[in-house]
Amino acid sequence: MSHAGDSNFGANGEAFPHGTPLSRDTAIRGPARPAPYIGAGVLLAAAILLPLMPQLYSFDAPRLGGMPFFYWYQLAWVPVSAVLTGTAYWLVNKEDRRRRAEARAGGAPKVGGTSAGAGLGGDRP
Amino acid sequence: MNGREINWTALIIVVLLFVVVAVMGFLAAKWRRGSEVEGLHSLDEWGLGGRGFGTWITWFLLGGDLYTAYTFVAVPAAMWATGAVSGFFAVPYTIVLYPIIFIIMSRLWSVSHRHGYVTSADFVGGRYGSRWLSLAVAVTGIVATMPYIALQLVGIKAVLTVLGLGSSGNVLLTDLPLILAFVVLAAYTYTSGLRAPAMIAVVKDLLIYLAVIVAVIYLPIKFGGWDTIFNSAQAKLGTVSQATGKPAGAFIPGAANYSAYWSLALGSAMALFMYPHSVTAVLASKARNTIRRNAAILPLYSLMLGFLALLGFVAIQAGTKPIDLDGSVNPQLVVPQLFLDHFPAWFAGIALAAIAIGALVPAAIMSIAAANMFTRNIYRDFIRPDVDARTEAKVSKIVSLVVKVGALVFVIAMDQSAAINMQLLGGIWILQTFPAVVAGLYTRWFDRWALLAGWAVGIIFGTVSAYNVVNPVTKAHFGGSVAAIPGTDFSVYIAVSAFALNLVVAVVLTVVLRALKVRTGEDLTRPTDYAADETDPKVVQIEQTQHYTQPGGPSPVA
């Protein structure tokens, strides 16, 4: 049902050596360690829930440079949220790389297939 | 009754910048195109810009896509007229938006990369094996997008009005510049596809940052500092209105408004990435992590939006008079008028051009996204199942024109409030596709028919509730997007209460249908699909190699 319309089709077909047992179910990542995902989840939950609680910030005082607390607090949340999301990205991305490396190293007989798969990206424009 | 003179300096700057982006739009057809690709003859090329935008182009594209001209006009207008609850909620809305898309959108990217999905309805169809559920998502997307495009025209119209173009006398002459702008937009979208708005977005965003930064530094100095500005806003919003006997607006939301405030922010954030144009920009990105990196850098736009919202308060202190052509007060003219009143004409021209161009980028992406949905989920699924990639692109190009003409007719022929009401409903409707799309990214537990029933119940409930909100002054229906949950006096954004009802129906019916052993559709996706990155092969590529390696099959190497 998919029309990928991929221009590299021929080149990609050749990227898999014949006989490579690459299938739809070939694992592309090793098993996850829960810690980074829990950490990222806590950061993201904070970034979603705290700005949605007006009872925490719906006040006039203290003003900052003439701006009521309600306004400057929410504006201040923008960079805070960016930092939280950025940290979550760092945590998840580090774990993701480890899991992909593990999947590549793990399937010893499949090394040809998976490394060829990884090489695909280099061919893309 | 037309008291407006044409401001020639500002008008010439706006026209010049408009011509520049139009030329860029046409040139974009040749941008970043592999030499082997002849023309834009597939949805991947025309509708998704070759699926190759990196982090920064995606940043500009999404920024240009989500922060539209209507946002620039309507958010300060709401601040000016009614204050924090209906205006400043846009700030927490765009803050909580990014953690949410960080979580869900990379999975959608991965599964779409694997299967070549172009729309979220493509994914729903593949996941649940149900073209009817897919149709529901597609129709909702298209219907919700149309008034959104129309509102972009409302944004351009606000700019043209303050520039002094158009008169209340001749209808055709009034709308001529608008029609002209849209014909040019339609032409370069047709020839260049998604590459055109991606390229123009860079110019538009740089201009809007320039305008907002200068305004936010210069105007408070001119009007006696933020202290004075906030005090006069407080005084204006606290004035009791004669028509309703209530204050004109909210300066700091009171406890009674908390639920409206957070539910507007949350509901809008959840709905935004259900819109086809947001999904299009995500799927046009190069890698799984592009959207996640963007979740950390897109908040810069939210900061800009927050300050832009405060310009609504600046206009209160400045005494800006947003008088429309027919002499009535039109809050949407507040920000264009503010720039024109207090800056040299050339700089006002730049700011107004930024708003007008800001309408073109999302309008182009929205029409492309709606066209892709029509092509994939209506034309292919229901009319011509064997359609090839070239025909898909051709159909999409034509539909993108139809969609834009429809929006133009909408704005010119109908009352402006019709577009605004439809957009309000569109936000409620689009959130009803959330369970099918987002739950599907994590679990196949839900039954396809249960999701369809939940969607229908949510849409009906949301529409009826929105109709029943009556404006206290004009007595018109669709008077707002907040209503009490039936049986309580707890006021929330209607989209959120409809969504909750939708989810309950979907859960209950899934349990029932499971007990009745109703057949579930075929799931074309596998768990590995949801983690695939750009380096992982697509399904068609895997199937190709498997075909080669089957016993007796032809050798892959000649």
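This report describes helix packing and backbone geometry in a predicted model.

**Helix H11 of chain B.** Helix H11(B) covers residues 225-238. At 1.5 Å a residue its 14 residues should span 20 Å, and the end C-alpha atoms are 20 Å apart, which agrees. Its buried residues are Trp226(B), Ile229(B), Phe230(B), Ala233(B) and Leu237(B). They cover an arc of only 95 degrees around the axis, so they sit on the same side of H11(B). Helix H10 (195-222) and helix H15 (299-318) of chain B are among the elements that cover these buried residues.

**Crossing of H8 and H19 in chain B.** The axes of helix H8 (residues 131-163) and helix H19 (residues 416-431) of chain B come within 8 Å and cross at roughly 145 degrees. The crossing is left-handed. H8(B) contributes residues including Gly141(B), Ala144(B), Tyr148(B) and Leu151(B), while those from H19(B) include Ala419(B), Met422(B), Gly426(B) and Trp429(B). By class, the residues of this contact divide into 11 nonpolar, 5 polar and no charged.

**Backbone geometry.** Two residues other than glycine have positive phi values, tabulated here.

| Residue | Phi | Loop in chain B |
|---|---|---|
| Phe478(B) | about 55 degrees | between helix H21 (448-468) and strand S1 (482-484) |

Arg51(B) is buried, with 25 other C-beta atoms within 10 Å. Phe478(B) has 19 C-beta neighbours inside 10 Å and therefore counts as partly exposed, since a buried residue needs 20 or more.

In chain A, the peptide bond from Ala61(A) to Pro62(A) is cis, with omega near -5 degrees. Pro62(A) lies in the loop between helix H2 (34-49) and helix H3 (69-106) of chain A.

Key:
Residues are numbered from 1 along each chain as its sequence is written. Chains are lettered from A and ligands numbered from 1 in the order in which they are written. This is a predicted model: local features need pLDDT of at least 70, side-chain atom pairs count only at pLDDT 80 or more; totals for chains, interfaces and linings use all residues. Helices (H or I, at least four residues) and strands (E, at least two) are DSSP runs, numbered from the N terminus. The expected span of a helix is 1.5 Å times one less than its number of residues. A residue is buried if 20 or more other C-beta atoms lie within 10 Å of its own, exposed if 12 or fewer, and partly exposed in between; C-beta atoms are placed from the backbone. The arc is that of the directions from the helix axis to the C-beta atoms. Two residues are in contact if their C-beta atoms, placed from the backbone, lie within 7 Å. Axes are lines fitted to C-alpha atoms, for helices over the stretch in contact, and angles run from 0 to 180 degrees between N-to-C directions. A crossing is left-handed if the near helix is turned anticlockwise from the far one by less than a right angle, and right-handed if clockwise. Ala, Val, Leu, Ile, Met, Phe, Trp, Tyr, Cys and Pro count as nonpolar, Asp, Glu, Lys and Arg as charged, and the others, Gly among them, as polar.
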